[in-house]
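Thanks for making time this morning.

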Amino acid sequence: MNKLRLKQILPYILVGVVLITAITLILLTGHKKDKSSYAVGLIITGEKDDSGWNSAHYNGAVTACDKLGTKLIVKENIPEWSGKCAEAIHELVDEGAGMIILSSYSYSSEVKETIDSYPDIAFYSSSSEYQAENVTSYFGRMYQARYLTGIIAGMKTESDSIGYVAAMPNSEVNRGINAFTLGVKSINPNATVYVSWTDSWENAESEQKAAEALIKNKSVDVITYHQNQHYTAQTAEKMGVYSIGYNRDVKGLSEKHLTAAVWNWDSLYYQIIREYVQGKPNTAERRWFDIDSGVIGLSDFSSFVDNDIINAVSKAKNRISSGNDIFSGEIYDNNGVLRCGENEALTDEMLFENMDWFVDGVEIYDKKNR
């Protein structure tokens, strides 16, 4: 090749070498981003130190992010359906969040369009029924722990009347009510679970009034709840009846507080945030952690939970762990309609998105009677 020809093509050769080198570097280092450059956003309905649902999520996310070396950005006091959730998402994206955790049930339904406008952001939404390629619904099979607490309630009641103060009728709450009642009925076929709605995740006055009405008017001697805080357990304490908690262990109550169906958010958030850090977000439509995952379980039993009850709970947990889910076999609703056949099991889709009915043994308490 003559010198003139070489001079003519040399610039092209150099450009090619530079391009190949750049592409190679991208391929080799593109997935080794420094963990400190990752940012995780968390949106909560209340304050991060409320000693309830919000602080549990916040503390779990903090612990997970600390272990994984990631930055956490928190947006507090974002009520559902207030219009503030979309604003919080925009702010988190502007502040560098590549993963956003929506910690309350209705957030994802409220901000569908906002989620769709950020296809490159990984959203993880608590108990979400909304589906999209960049959304993973995360939750635990809390209904399994609820079933076990139902066994305790069914064995402790003397009036065969058990109370359940619940936020609002949706698949998540209904699933818990049904599982609890199945646990009650598995041990005490004569018992009834009376449900009173408060139409809010957190309202001290409504929860107290609902609990008082169930205790006074329905003679319930064991009561549980599905709310952010423990106002129902505190009311039960004042009125001298047994209580079973939810969300986290309840401090400062007597031994009449039997146990609680509790979350381990540290474990859950570590697992889903790690997916993001590893570059594998939204690999599943639904991340549903069972009772053997360490994400859900029961708090310590009080002295009123005797060995017979402990053995019954242990046997039931072993059945669940061996693959015998509680929403299987013959199940009738409270209108006498067969919902699950003898050799059938309800699908996760039914449990997660279409639980709009109640099992036999559930009675909805009329609000007008409060």
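Let me begin with Thr114, which, once its neighbours within four places in sequence are set aside, is in contact with Ala86, Ile89 and His90, where contact means heavy atoms within 4.5 Å. With a relative accessible area of 11%, Thr114 is buried; buried means under 20% relative accessible area, exposed over 50%, and partly exposed in between, with a 1.4 Å probe and protein chains only.

Before going further, a word on the basis of all this. The model is a predicted one, so local features need pLDDT of at least 70 and side-chain atom pairs count only at pLDDT 80 or more, while totals for chains, interfaces and linings use all residues. Residues are numbered from 1 along each chain as its sequence is written, and side-chain values use heavy atoms, with hydrogens and water left out.

On the overall composition, the protein chain has 12 helices and 15 strands, and 52% of its 370 residues count as buried. Among contacts with a separation of 6 or more in the protein chain, 70% are between residues 24 or more positions apart. The chain exposes about 17,100 Å², of which carbon and sulfur atoms supply 48%; accessible areas come from the Shrake-Rupley method with a 1.4 Å probe, and for residues only the protein chains shown count as cover.

Now to the sheet with the order S2-S1-S3-S4-S5-S11, which is open, has 6 strands and is paired in parallel; two strands pair if DSSP finds at least two bridges between them. Strand S2 (71-75) and strand S11 (286-289) stand at its edges with a single partner strand each, so one side of each has no neighbour in the sheet. Neighbouring strands here are turned by 20° against each other on average, with direction ignored. Strand S1, residues 39-43, is joined to S2 by 5 bridges and runs parallel to it, and Val40 stands opposite Leu72 in S2.

Helix H3, residues 84-94, lies across S1, S2, strand S3 (99-102) and strand S4 (122-126), and runs at about 165° to S1; for such angles, axes are lines fitted to C-alpha atoms, for helices over the stretch in contact, and the angles run from 0 to 180 degrees between N-to-C directions.

Let me turn to strand S7, residues 192-197. How many of its residues are buried? The count is 6 of the 6, so S7 is largely enclosed by the rest of the structure. In a regular strand the side chains alternate between the two faces of the sheet. In S7, Thr192, Tyr194 and Ser196 point one way, whereas Val193, Val195 and Trp197 point the other way, and all are buried.

Which strands pair with S7? Strand S6, residues 161-166, runs parallel to S7 and is joined to it by 6 bridges, with Trp197 as the bridge partner of Ala166. Between S6 and S7 the chain crosses through helix H7, residues 171-187, and this β-α-β crossover is right-handed, in the sense that, with the strands pointing away from the viewer, the path from the first strand over the helix to the second runs clockwise. Strand S15, residues 362-364, is also parallel to S7 and is joined to it by 3 bridges, and there Tyr194 stands opposite Glu363.

Asp199, in the loop between S7 and helix H8 (204-217), has a positive phi of about 60° although it is not a glycine, and at 46% relative accessibility Asp199 counts as partly exposed. Asn282, in the loop between helix H10 (265-277) and S11, likewise has a positive phi, near 55°, in a residue other than glycine, but at 17% relative accessibility Asn282 counts as buried.

Finally, the cysteines: Cys65 is buried at 1% relative accessibility, and Cys85 is buried at 0%. The structure holds 0 disulfides, a disulfide being a pair of cysteine sulfur atoms within 2.5 Å.

Conventions: Helix = DSSP H or I, 4+ residues; strand = E, 2+ residues; numbered from the N terminus.
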